[in-house]
Amino acid sequence: MTLTRQGAAVRSPAHLRWLQDAGQLLVVDEKARRAHVLRGHEAALWTWFTLGYSYDKALHLLAAALKCPPAQAEAALRELLHSWQTLGLLEEARDGESGD
Amino acid sequence: MANLVISGVCALRCPYCFAEEHLAALKARAVPLFISPEIFEQRLDFLQRSGIPEARLIGGEPTLHPQFAQLVARAVARGFKVMVFSHGLMPERALAALEALPLQQCTVLVNMNATRYPADTARRDKEHARRAETLRRLGGRALPGFTIYTPDFDLDPLLAAINSTGCQQMIRLGVAQAIFAGHNQYIHPKQYPYIAHKIARFAVKAAQAGVTISFDCGFVPCMFSDADLAVLRRVKADAQWHCSPILDIDIDGRVVHCFPLTGTAQTTLESTADAASLRAALAEQSAPYRMAGIYRDCATCALKASGACAGGCLAMTLRRFQQTPFQVTPPAERSTV
């Protein structure tokens, strides 16, 4: 599993809005006019990142939540970040760009 | 249903005003303050091709349009019923024009707690007296309305006004919603259960006086206890739980979902458009947000899932959304992965 560029920073585009609902997190892509529902550890990770947690801290929490070894959690995390990129919930962060 | 903005002017200063942002946007776009007779004629064409039998006139304060009487006469001449949303402190010429219309062709929704002086009781009392005179002259054409924007509201004076003026025996209740991008005074959904109980208690008193209550958009059933809902059913209150594009059509042809959503969903009135196509365009724009409601539990609510409840006012729901950009920097893949 690889991201667009190995080790490249990714970020949430500025046209995303999100809210926490009972049992799920709703992310709306204002540009594509699409809603994405995140549940379980996906929703938790989104929340942690919006709180400014680092990759390593989120990984540590994810391993604890999934009750699995760090390597397994990291594979899951990278896969999730990749799927978020595919869905447009993340984009590659390029230096000097504002985010949208 | 579609509302036609005919005036961008209002002399009052209601703390909960939904149109404030909207009127500011009109000013910023340098839109004329009043609709011209020619454009109004085009709006009537729009209603006609949309199969809408009623011309609903809004503002600002619609009765402040210098040619209000002519516009109303034109709508009536073309076979439309006229509904006017007014603060009730209208110029004499406008009042006379409405007073002269047949009962079945005219309804004036009079906002009973509109005010120019939110902090001055004596002046508000004078406004109330003048508004009561408007109700008396309009008689059955007048439908009193009240916007709840603070939990300590008092609806009792409305019963006295209704009983002494001969207006419709009904009160249209609205709950003040937050303008998406504005700063008006509104009822927070956390306060809904408190105001709901007061409404239910008042509904009983109103029913005893022969007055029914009906709800404007944005109410939700879960704000009422089961006992209060039973009361509303017993007194035959017209309780609805909807929020859908009304269509507020601006002087310059811009169409918004409704005033509280100014700055979000909008489209433009083209010469061949009808209400259904405009409504569909606005619904499509707001569809992703409709998955949510004003409460977190709306996501798991069976009434919302079934469409029986819209989940409250969309403008209020939009305020729940956050925009929190974040960045994640994963390290280069470790060899163990």
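This is a predicted model: local features need pLDDT of at least 70, side-chain atom pairs count only at pLDDT 80 or more; totals for chains, interfaces and linings use all residues.

Me: Why are E2 and E4 of chain A called edge strands?

Reply: The open sheet of chain A has 3 strands in the order E2-E3-E4, with antiparallel pairing. Strand E2 (16-21) and strand E4 (34-38) each have a single partner strand, so one side of each is left without a neighbour in the sheet. From one strand to the next, the twist averages 20°.

Me: What packs on that sheet?

Reply: H9(B) does, touching E2, E3 and E4 of chain A. The direction of H9(B) makes about 155° with that of E3(A). Within chain B, helix H9 (residues 275-290) also lies across strand E9 (254-256) and E10, running at about 150° to E10(B).

Me: Which strands are at the edges of the sheet in chain B?

Reply: That open sheet has 10 strands, in the order E7-E6-E5-E4-E3-E2-E1-E8-E9-E10, and its pairing is mixed. Strand E7 (212-215) and strand E10 (266-268) pair on one side only, which makes them the edge strands. At the E7 end, 4 bridges join strand E6 (residues 170-175) of chain B to E7(B), and these strands run parallel. There, Arg172(B) stands opposite Ser214(B) in E7(B). Helix H6 (residues 156-165) of chain B lies across strand E5 (142-148) and E6, at about 150° to E6(B).

Me: How do you know which parts of chain B meet chain A?

Reply: 28 residues of chain B are in contact with 37 residues of chain A. The buried area is about 3,100 Å², and carbon and sulfur atoms give 59% of it. On the chain B side, Phe326(B), Val328(B) and Glu333(B) lose the most area, together 24% of what that side buries. The rule also finds 10 residue pairs in polar contact across this interface. H9 and strand E11 (327-328) of chain B each supply at least two residues of the touching side, and H9(B) gives the most, with 4 residues. By class, this side has 14 nonpolar, 8 polar and 6 charged residues.

Me: What joins E11(B) to chain A?

Reply: Strand E1 (residues 10-11) of chain A pairs with E11(B) in the antiparallel sense over 2 bridges. The definition asks for at least two, so this pairing qualifies. Arg11(A) stands opposite Gln327(B) in E11(B).

Me: Why is the contact between Arg320(B) and Asp21(A) called a salt bridge?

Reply: The closest N and O atoms of Arg320(B) and Asp21(A) are 2.9 Å apart. The cut-off between a side-chain nitrogen of Lys or Arg and a carboxyl oxygen of Asp or Glu is 4 Å, so the pair qualifies.

Me: What does the salt bridge of Glu41(B) and Arg74(B) tie together?

Reply: Here the closest N and O atoms are 2.8 Å apart. Glu41(B) lies in helix H2 (residues 37-49) and Arg74(B) in helix H3 (residues 68-77) of chain B, so the pair ties together parts that are 33 residues apart in sequence.

Me: And which kind of peptide bond runs from Gly59(B) to Gly60(B), cis or trans?

Reply: That bond is cis, with omega near 15°. Most peptide bonds are trans. Gly60(B) has its place in the loop between strand E2 (54-58) and H3 of chain B.

Key
Residues are numbered from 1 along each chain as its sequence is written. Chains are lettered from A and ligands numbered from 1 in the order in which they are written. Side-chain values use heavy atoms; hydrogens and water are left out. Contact means heavy atoms within 4.5 Å. Axes are lines fitted to C-alpha atoms, for helices over the stretch in contact, and angles run from 0 to 180 degrees between N-to-C directions. Buried area is the accessible area (1.4 Å probe) that two parts lose on being put together, summed over both. A polar contact is a pair of N or O atoms within 3.5 Å; within protein, one must be able to donate a hydrogen and the other to accept it, and residues adjacent in sequence count only if both atoms are side-chain atoms. Ala, Val, Leu, Ile, Met, Phe, Trp, Tyr, Cys and Pro count as nonpolar, Asp, Glu, Lys and Arg as charged, and the others, Gly among them, as polar.
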